[in-house]
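This briefing is intended for a reader who has the sequence and the coordinates at hand.

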Amino acid sequence: MTCRRPRRCRRRSPADGWTAERIPDLNGRTFVVTGATSGLGLVTTRALAARGARVVLAVRDEEKGRRAAAGIAAARPAPI
């Protein structure tokens, strides 16, 4: 089958070519991240904080949340 619109026929993932470095400066912005103590939530929290965002960690286990926040703050001293 020949594609009449090549741009639309190419299957691309939304993540093609995306990296955390493409996140713009987020100083002055606040984000709430759920599940911020592990997995995708923790990675997201780290990436946002690294770009200057204030991040509110929404967690079930308060102690794990404190440990996660301490680790992130140690990597980049910004308000969490």
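A residue counts as buried under 20% relative accessible area, as exposed over 50%, and as partly exposed in between. Asp61, at 36% relative accessibility, is therefore partly exposed. The model discussed here is predicted. The protein chain comprises three helices and two strands, and the structure holds two salt bridges.

**Overall architecture**

- From the N terminus on, the elements of the protein chain follow the order α-β-α-β-α.
- The protein chain has 80 residues, of which 22% count as buried.
- The accessible surface of the protein chain comes to about 6,500 Å², and carbon and sulfur atoms account for 51% of this surface.
- Among contacts between residues at least 6 apart in sequence, 52% join residues that are at least 24 apart.

**Helix α2**

- Helix α2 (39-50) has twelve residues and reaches 17 Å from its first C-alpha to its last, which is close to the 16 Å expected at 1.5 Å a residue.
- The buried residues of α2 are Gly41, Leu42, Thr45, Ala47, Leu48 and Ala49.
- These buried residues of α2 pack against β1 (30-34), β2 and α3.
- Thr45, located in helix α2, counts as buried because its relative accessibility is 0%.
- Beyond its neighbours within four places in sequence, Thr45 is in contact with Val33, Ala36, Val55, Leu57 and Ile72.
- Just after α2, Gly52 adopts a positive phi of about 100 degrees.

- Helix α3 spans residues 62-75; with 14 residues, α3 reaches 20 Å from its first C-alpha to its last, close to the 20 Å expected at 1.5 Å a residue.
- The buried residues of α3 are Gly65, Ala68 and Ile72. They cover an arc of only 65 degrees around the axis, and therefore lie on the same side of α3.
- The buried residues of α3 pack against α2 and β2 (54-58).
- The face of α3 turned away from its buried side carries the exposed residues Arg66, Arg67 and Ala74.

**Ala68 on the buried side of α3**

- Ala68 is found in helix α3 and counts as buried because its relative accessibility is 11%.
- Setting aside neighbours within four places in sequence, Ala68 is in contact with Ala36, Thr37, Leu42 and Leu57.
- Ala68 and Leu42 are 26 residues apart in sequence, and their C-alpha atoms are 7.6 Å apart in space.

**Asp61 and the start of α3**

- Asp61 belongs to the loop between β2 and α3.
- At the start of α3, a side-chain oxygen of Asp61 reaches to within 3.0 Å of the backbone nitrogen of Glu63.
- Asp61 and Thr37 are 24 residues apart along the chain, with 8.4 Å separating their C-alpha atoms.

- Side chains of opposite charge can pair when their charged atoms come close.
- Glu62 forms a salt bridge with Arg66, in which the closest N and O atoms are 2.4 Å apart.
- Glu62 and Arg66 both lie in helix α3 and are four residues apart, about one turn of the helix.
- Arg67 forms a salt bridge with Glu63, in which the closest N and O atoms are 3.9 Å apart. This pair counts as a salt bridge because the cut-off is 4 Å between a side-chain nitrogen of Lys or Arg and a carboxyl oxygen of Asp or Glu.
- Arg67 and Glu63 likewise lie in helix α3, four residues apart, about one turn of the helix.
- An α-helix has 3.6 residues a turn, so residues three or four places apart point the same way.

**Accessibility of the charged partners**

- Arg66 counts as exposed because its relative accessibility is 53%.
- Arg67 also counts as exposed, with a relative accessibility of 52%.
- Glu63, the salt-bridge partner of Arg67, has a relative accessible area of 41% and is therefore partly exposed.

Technical notes
Residues are numbered from 1 along each chain as its sequence is written. This is a predicted model: local features need pLDDT of at least 70, side-chain atom pairs count only at pLDDT 80 or more; totals for chains, interfaces and linings use all residues. Side-chain values use heavy atoms; hydrogens and water are left out. Buried means under 20% relative accessible area, exposed over 50%, partly exposed in between (1.4 Å probe, protein chains only). Contact means heavy atoms within 4.5 Å. Accessible areas come from the Shrake-Rupley method with a 1.4 Å probe; for residues, only the protein chains shown count as cover. The expected span of a helix is 1.5 Å times one less than its number of residues. The arc is that of the directions from the helix axis to the C-beta atoms. A polar contact is a pair of N or O atoms within 3.5 Å; within protein, one must be able to donate a hydrogen and the other to accept it, and residues adjacent in sequence count only if both atoms are side-chain atoms.
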